[in-house]
Amino acid sequence: MSTKKQKVIQKKLPREVFNALRNVVGEQWIYEQRSVVETYSKLSIEGGSFVKKHDKDPHVLPAAVVLPSTTKEIQAIVKICNRYQIPFIPFTNGQVFCNPTNEQPTLIIHFSRMNKIIRIDTENMSATLEPYVDYGQLQAEAMKRGLWNGGSPLATTLCKLSSQFAFAGLWQTDLKYGLFNRNIISVKMVLPDGEILTTGSRCIPRAGDFWEYGPGPDLMGLQRAGLGTNGIVAEITVKLHAWVGEETFPEIPAGRPSLVEVHEPKYDNPPEPLKNHKLFWIEFEDFETQIKAMREIAHSGIAIGLNATGVYSAFYCSQTQAMTVERCEKHFFPDWNCYVILANVTSDKQIEQEEKVLRQIIGEVGGTFLSEEYKPEVLEALSPWNYDCIRHSTGYRMNRKFYANAWLPVGPMDSAVATSREWKKALEMFGECDITDRGGADDTPFVYALQRGHFCLFETDNYPDPVLPDEIRKAQGFGIYGAAVVTKQNLGPMLMAFVNAEPFTTMFPEAGPNSHLFMRKIRKVFDPNGVASPGRQVFTEEEWQKFPGEVKQVVNKMRSLQDLPAVE
Amino acid sequence: MTLATDLREILGNDSVFDDVETIRKFSSDQSFVQPRSPDVVAFAETVEQVQEVVRYANKTNTPIVPYSSGLNFHGGTIPKEGGIVLNLSRMNKILEVNEDNWHCVIEPGVTARQLQEELEKHQLRAMLPYGIHPDRSVLTSYLEREPTVAAASFEYGNEIIMDTELILPNGDLFRTGLWSSGIKPGSPMGPVRAMVNRLWTGAQGTLGIMTKMNIKVEYMPRKRKVFLLQFDSFPEAIQPLKMIQRKEIGHECFLINNFNLASMVCNDWKVPETFPTEMIASKEFESLRESLPPWMLVVCSNGGQRLPEGKIAYEEEAIHEICSMFHIQTYSNGGNLHELFLDEMLHPWNNLKKFCYRGAVHDVCFKTTLKRVPEFQMLVQEIINEYNYPMQDIGVTVIPLERGRAVHCIADFHCDPNNHAEVEQLKNMWTAISRRYIDDGALFDRPYGAWADMVYSRAGTYTQKLKEIKRELDPNNILNPGHLCF
Amino acid sequence: MTYYEKKPEKKFFEKELEDYRDSIWGCARCNWCQNQWGWNIKSAEYSEICPAFHEFRIFPYSGMGKMHMARAILEGDFDFEDAPEMVEFLYKCTTCGACEMNCQRMQDKEPLQVNETLRWTMVKEGVGPMPEHKGLIKSVKNYDNPWMQPRTQRDRWARKIKIKDANKEKVETLFFVGCTSAFDNTQWHVAQNTAKILVHAGVDLGMLGKNEICCGSPVARIGDRETFISLAKRNIEQLNALGVKEIVTFCPGCYRAIKHDYAEIPGVPEINFKVYHTAEYMDKLIQEGKLKMPGEFKKRVTWHDPCHLGRHCGIYEEPRRVLTSIPGVEFTEMERIKDQSWCCGGGGGARTAFMDFAQKTATKRIGEAKKTGAEAIVTACPFCEQNIGDALSKMDDPVELYDLTDLLIKALDIE
């Protein structure tokens, strides 16, 4: 808790820059007022921004916020930034990776005016979107047309697809539809140098926007997960898939909440999933059995979604934090579990057939279905998932305190056990921030079975108190330590937080190998003037030399805990 | 010191060849690409050897053309500027078959037949590219994004590449995927952008030399069933195909015309070992071409690992509903077509028998959307009329991609490679068709040979950025120079 | 305060920004304060829920923005002098509560309460409210109503209505008319309808007439707590003294203020009567068989949920039951309904200070109604009716606008 009452004053843009930007977007769409920039500075899940607030660090504040409405305006803004060497950061919701990266006055480019679905092509199953379109909007429109985009992230349907391109992209139906990686057809990027790059078939005149590769070496892969360092997504075309459910979500029979009784569970409990879908919950005796069952289910080819929710159900299905904590303490939800989503995509006999397969697997491997006869109260409590499994809305219940740091290694399913063991060790070393950290310690990490069991993703997190900066720092330490762990133990690159972002590529040079050197070259091509979130993705040698010594010390300390040599 | 002697220092005496016979063999393939000779052909057997050769090439500004099996038919390994053909065929180990996580690590010399035989022992299968030669490098084939037999299935036939290991143009080792953060491969997601391996796909070895690839493999189904639906014209097949794909029936699916079907069935012909090949006149082929339906839609239903009959049953019911709706006849005219296709799904090379028709096949392969295919059919008809090429001599295969979002079309044109006038005539026609297709928006996402200029001159900033990346990664321009837009 | 530290029991009207410290530090910027609840979205067009953010597109206008600004003010990162623009951000908000609805559901935090507490802080420090609101406050203080109208005019609407004087005789049910309907003659019909319907149903009804005073809701919403508390105390004393069983009002602002807000004032007596909104009460009368409908109202209509009635107080089904029980009514729903209702734009002082914004918001609601094919919008809130009515009057192809009581009067066939 900060007791300092000193003011925090942002650096402003040079006047000629501000005026040039104003000429592009108009007076109404550029802001540098103190209260405005404040609302673009503390992020969702980035501990660093919270710590900087506690420390009264002015460098967390952008200099100004500009709101373009067209690709042309974005391009003009980027060119101005190049001309005047002003770093810029693309911004949608402000979850993570949107803070200024150095001490120069930085411009936020906010896309809230660009929220149109440009077209939905039902013939070729795709949708072209402006950068501020979110999953919920796309799903609502696609479902009316017998299509959908395969789910929505656990960070909820409010995530914008363009920022998922820039960052993560996971959802409940990864099993069948793969990660967001698999679901992009093209992007139209305004590159940091002001050029416009269109990827996929769209870059060939008259070919149309239907195929994601080429020509020749594919550049979209270099743009993906750039965290705002390789340009701005001005348009994105995503794949759609056949949708067999209702056009809209049926009303929950219990009715709608109001402010006088918003926490009544009944309003969150749809009794069934959508038409042509069925959801099963299965409890296991231990983690190994859970993983074994998940592997068998994934390999069997059934289902559109398969995930183990661990501690996350305690969040998503609880209307208050008190309920969450109580349920964790009592292990109300099964520690080891998974849910399986079946769907009648091909035929109305499909669910019936797949259920037989599922029951056969569980019968062999071991496990108990939650049902009217077995833990009906738990099954009832899990019913938000009936809708969340398609359109995830409750995800941010994880953030009632503060969701900080995440270990999200991606790798073979066997690594889940190793990951959770390492997480337990980390908790013993550093101490937990909250009982809910024990998502991993009780062997209850979130396990997404991806891509038919070829690999999957696990997640464990810390939940520090946002008013206690030392707790947040502790969580940050967990994160860096996690980078050391995954490096040393070959548990897979961490998807979140530190993967694709410094300090990982430079401070863990084992990655790649030579990944930081490779990335420096790529950065030079796309951002020769170093204006797009400079230093977020990879440091140049000069930037690395200027880096604060304390951070290097922390990193080396974490490296040493995993017997990794120090980096210079 | 000559190039050959320098390389013998690195690779050993039995690995470097500069005799006339060997040089000639690596100077051309069956494509229209102008033959050009390398200076030497060198065989590498380890990653370290590859690295050393690449470093040497940088020091001496010597071009390198990576070569695995040379069976890409499109001139990708013809050295445009001489130098070293670096043959990786001796790096032919299957390093790991992971039965738990269904992936397999291969070196560039591993062939399609070798891989599938090995995987079958583990009750697994690779989704091999359609039309791959049994001796072709699987690694290269996937790297060149050749559509698999199951490209129609979003889940099973696409994005096969997981982790990779490669040598960058400066000789540095680089990995992508889980492999890049540790010791073992196991997922395509890596710390260096999530999809960075895509940069080396479709690259024809111009941006790096891939030395290992971890690929997804799938289970070997215990029960499968092939459905054959016949059509008199392509447009008739569009709606049924769309519906089959929307309902996600089956994994493998393609539409082939009577020419290609007849060549697959024809017992007079075998899959050639070298290309171009010997022309074999066949009455059987002529008769089959006449009697087989003009178009056949092939759909393969794969039963799950467990209770496979149930899945096949409901998929079969779904297909029959569609057939009834559109009054489609299924093929049941005897013969062993169903068994042939069941085999083709696992060993997809029988269609290469088509080479026996005239000895050489020059295809125009491109991607487009399903409803535009008739448009391109009409275009080709216009052009072949100008060149007096018979319509019935065009082999066509259309592979739906990702549940019909797009299609991959292959139009085969045949000629006698020993008849220079015929070859020239065909080359002109092929060029005219290619140019016209590209003008009208056909997507040549792998721009081999003459297509490269046609495509890259239209791709604007994409081309420019590719060149800039090439300059950064390969400042001495030693890797396969002259290919693509480099 | 840390997250799990026990918070002192405090009522809303005694809370300061400090009391929301861990909440405003913890705002997760999930953005649910700007968007309709995911399970309820039916189209991209109607997926947003915050009128101010929808219009102005920057975060200070959203609930999340208020939380972030509040944190900075609390910690002294800047003060009101450094950010004179803040006043407009705070008051260009209709206090519809959509942000708090979704935030409570998700995060269990209070962006609307923080907004109103920030407003209180601004009023305390002389920075707020907007200049246009000062007249409103002065009116309330001087005339016991926000309309600058003399007290003697308060019961003009009732001149031809037979209704008991609760000042003089004991009644079971008090009709609390509210200021807007009493002083705005375009709204008189609602007050008249209500009185007629209740009397027709045999309710022992009375009203305070000129002695009624403002419930205090307008001044509470714009942050003048002191004036609000003073009005609340007077109301509680006056109303408790009447000995009525129940109060019926058709103004959701009054409804919420008396039923819920008064209980949030420290050190005041509890009210000793039940509080009903007319929609609730009419529904009750219909269920009890006391309102038979020989007539009909033949139109395709849609219901606009007033924010203070629906989202704040949970009255969703009652007006719908009333509507669907009226012969001839063909009922159709808009996309954003009930807890996810789109505000008309008329509340929170926004209409007084920012008429343009209020009207744009109403226009959007009208567009949403038109999409259902409805011929008419029906609602039960004088502010909604004023604001939507004004917007309709500027349109070339308006739909009709009715109060719920207009339909009932016709269906009951009462003169």
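Trainee: Which residues of helix H3 (residues 47-54) of chain A are buried?

Mentor: Gly47(A), Ser49(A), Phe50(A), Lys52(A) and Lys53(A). A residue is buried if 20 or more other C-beta atoms lie within 10 Å of its own, exposed if 12 or fewer, and partly exposed in between, with C-beta atoms placed from the backbone. The residues just named count as buried because they meet the cut-off of 20 or more. Keep in mind that this is a predicted model: local features need pLDDT of at least 70, side-chain atom pairs count only at pLDDT 80 or more, and totals for chains, interfaces and linings use all residues. Residues are numbered from 1 along each chain as its sequence is written, while chains are lettered from A and ligands numbered from 1 in the order in which they are written.

Trainee: What covers the buried residues of H3(A)?

Mentor: The cover includes strand S16 (404-407) and helix H16 (469-489) of chain A. Helices (H or I, at least four residues) and strands (E, at least two) are DSSP runs, numbered from the N terminus. Just after H3(A), look at Lys56(A): its phi is positive, about 60°.

Trainee: Why is Val97(B) called partly exposed?

Mentor: Count its neighbours. Val97(B) has 17 other C-beta atoms within 10 Å, so it is partly exposed. Val97(B) sits in strand S5 (residues 94-98) of chain B.

Trainee: Which residues does Val97(B) touch, not counting residues up to four places away in sequence?

Mentor: Cys104(B), Glu118(B), Leu119(B), His122(B) and Leu124(B). Contact means that the C-beta atoms, placed from the backbone, lie within 7 Å. His122(B) is 25 residues along the chain from Val97(B), and their C-alpha atoms are separated by 8.1 Å.

Trainee: How do you know that chain A is as compact as a globular protein of its length?

Mentor: Set the value against the rule. The radius of gyration is taken over C-alpha atoms, and the globule rule is 2.2 Å times the number of residues to the power 0.38. For 568 residues the rule gives 24 Å; chain A has 23 Å, which is close, so it is as compact as a globular protein of that length. Along the principal axes, its C-alpha atoms fill a box of roughly 70 × 55 × 55 Å. Chain A holds 20 helices and 19 strands, and 67% of its 568 residues count as buried.

Trainee: Which residues touch the most other members of the largest nonpolar core?

Mentor: Val66(A), Met294(A) and Ala42(B), in a core of 475 residues. Such a core is a set of buried Ala, Val, Leu, Ile, Met, Phe, Trp, Tyr and Cys residues joined through C-beta atoms within 7 Å. H16(A) gives the most to this core, 9 residues. Val66(A) is in contact with Leu21(A), Val25(A), Trp29(A), Ile30(A), Ile77(A), Leu107(A) and Ile109(A), leaving aside neighbours within four places in sequence.

Trainee: What makes S8(B) and S9(B) a pair of strands?

Mentor: Two strands pair if DSSP finds at least two bridges between them. Strand S8 (residues 161-167) of chain B is joined to S9(B) by 4 bridges, so they pair, and they run antiparallel. Ile167(B) stands opposite Leu173(B) in S9(B). The hairpin has 5 residues between the strands, and there Gly171(B) has a positive phi near 95°.

Trainee: Why do S15 and S16 of chain B stand at the edges of their sheet?

Mentor: Start with the order. It is S15-S12-S14-S13-S17-S18-S16 (chain B), an open sheet of 7 strands with antiparallel pairing. Strand S15 (329-330) and strand S16 (360-368) each have a single partner strand, so one side of each is left without a neighbour in the sheet. S16(B) pairs with strand S18 (residues 406-415) of chain B over 9 bridges, and Asp363(B) stands opposite Asp412(B) in S18(B).

Trainee: How many residues of chain B are in contact with chain A?

Mentor: 78 residues of chain B, meeting 80 residues of chain A. H14(B) supplies the largest share of the chain B side, 8 residues. That side divides into 33 nonpolar, 18 polar and 27 charged residues. Here Ala, Val, Leu, Ile, Met, Phe, Trp, Tyr, Cys and Pro count as nonpolar, Asp, Glu, Lys and Arg as charged, and the others, Gly among them, as polar.

Definitions and conventions
Contact = placed C-beta atoms within 7 Å.
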